[in-house]
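Visitor: I am new to this structure. Please show me how to read it, one feature at a time.

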Amino acid sequence: MMKERILESALDVYLKKPNATVFDVAEKAGISKSTIFYYFKNKNGLEKELLLYAIKKFTPWKGSNLEEAVKKRLRLVKDNPELARMFYTLINNLNKTDPEFVKDVCNKSFRKVSEILKKEGIKDEDKVTVLLLAMLDGL
């Protein structure tokens with residue numbers, strides 16, 4: 001309950017200010033910084049959990065066919081440009097401190113897209129996934 005409240009507050013703050021501080025998040029959540037550190041070891045831990053939380057909350061790939069997934073992703077980026085900026089900043093920040101974590105997150109996303117393509121009967125789904133993600137990330 002409290003952890004989700006912190007993550008929702010962090011999401012709201014990071015969408016407006018991608019390089020937010022723990023103090024900014026604590027202030028938004030109406031709690032102390034020490035409460036955040038009780039649930040998350042440090043700012044890096046908060047940002048890792050926030051990235052995973054945001055991916056889960058905004059993932060356009062769930063239960064989708066290819067056309068539906070692409071349309072959802074395009075609509076999401078169009079309607080929420082600050083979301084793409086937040087993802088970019090979090091991934092950049094985390095890549096400096098924990099590149100293996102970022103690699104794992106990216107690999108999981110890659111596999112999800114590849115599975116959708118395979119279900120659609122697309123051959124060489126991994127190569128097509130690389131191209132599709134590159135095109136979508138370029139937006």
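Guide: Start with a term. Contact means heavy atoms within 4.5 Å. Helices are DSSP runs of H or I with at least four residues, strands are runs of E with at least two, and both are numbered from the N terminus. Buried means under 20% relative accessible area, exposed means over 50%, and partly exposed lies in between, with a 1.4 Å probe and protein chains only. Now the case here: what covers the buried residues of α1 includes α2 (22-29), α3, α4 and α6.

Visitor: What kind of model is this, and how are residues numbered?
Guide: This is a predicted model, where local features need pLDDT of at least 70, side-chain atom pairs count only at pLDDT 80 or more, and totals for chains, interfaces and linings use all residues. Residues are numbered from 1 along each chain as its sequence is written, and side-chain values use heavy atoms, with hydrogens and water left out.

Visitor: How many helices and strands are in the protein chain?
Guide: The protein chain has 8 helices and 0 strands. Read from the N terminus, its elements run α-α-α-α-α-α-α-α. The C-alpha trace spans about 50 × 30 × 25 Å along its principal axes. Of the 139 residues, 37% are buried. Take the contacts between residues at least 6 apart in sequence: 59% of them join residues at least 24 apart.

Visitor: Which residues of α1 are buried?
Guide: They are I6, L7, S9, A10, L11, V13, Y14 and L15. An α-helix has 3.6 residues a turn, so residues three or four places apart point the same way.

Visitor: What span should the 15 residues of α1 have?
Guide: The rule is 1.5 Å times one less than the number of residues. For α1 that gives 21 Å, and its end C-alpha atoms are 21 Å apart, which agrees.

Visitor: How do I read a pair of packed helices?
Guide: Two packed helices are described by the angle between their axes and the distance between the axes. Axes are lines fitted to C-alpha atoms, for helices over the stretch in contact, and angles run from 0 to 180 degrees between N-to-C directions. Angles under 35 degrees count as roughly parallel, over 145 as roughly antiparallel, 65 to 115 as roughly perpendicular, and the rest as oblique.

Visitor: At what angle do the axes of α1 and α4 cross?
Guide: They cross at roughly 85° and come within 10 Å. The two helices are therefore roughly perpendicular to each other. In α1, residues including I6, L7 and Y14 meet residues of α4, among them L46, L50 and F58. By class, this contact has 10 nonpolar, no polar and 7 charged residues. Nonpolar covers Ala, Val, Leu, Ile, Met, Phe, Trp, Tyr, Cys and Pro; charged covers Asp, Glu, Lys and Arg; the others, Gly among them, are polar.

Visitor: At what angle do α4 and α6 pack?
Guide: Helix α4 (residues 43-58) and helix α6 (residues 81-97) pack at about 140°, with axes 10 Å apart. That makes α4 oblique to α6. The contact of α4 with α6 has 11 nonpolar, 3 polar and 2 charged residues.

Visitor: Is E47 buried or exposed?
Guide: E47 counts as buried, because its relative accessibility is 5%. E47 is found in helix α4. Setting aside residues up to four places away in sequence, E47 touches Y14, L90, N93 and L94. E47 and A10 are 37 residues apart in sequence, yet 8.6 Å apart in space, C-alpha to C-alpha.

Visitor: Where is F40 found?
Guide: F40 sits in the loop between α3 (33-39) and α4. Its relative accessibility is 2%, so F40 counts as buried. Beyond its neighbours within four places in sequence, F40 is in contact with K3, I6, L7, G45, L46 and E49.

Visitor: What is phi near at D124?
Guide: Most residues other than glycine have a negative phi, and most peptide bonds are trans. Phi of D124 is near 55°, a positive value in a residue other than glycine. D124 lies in the loop between α7 and α8 (125-137). G121, which follows α7, also has a positive phi, near 85°.
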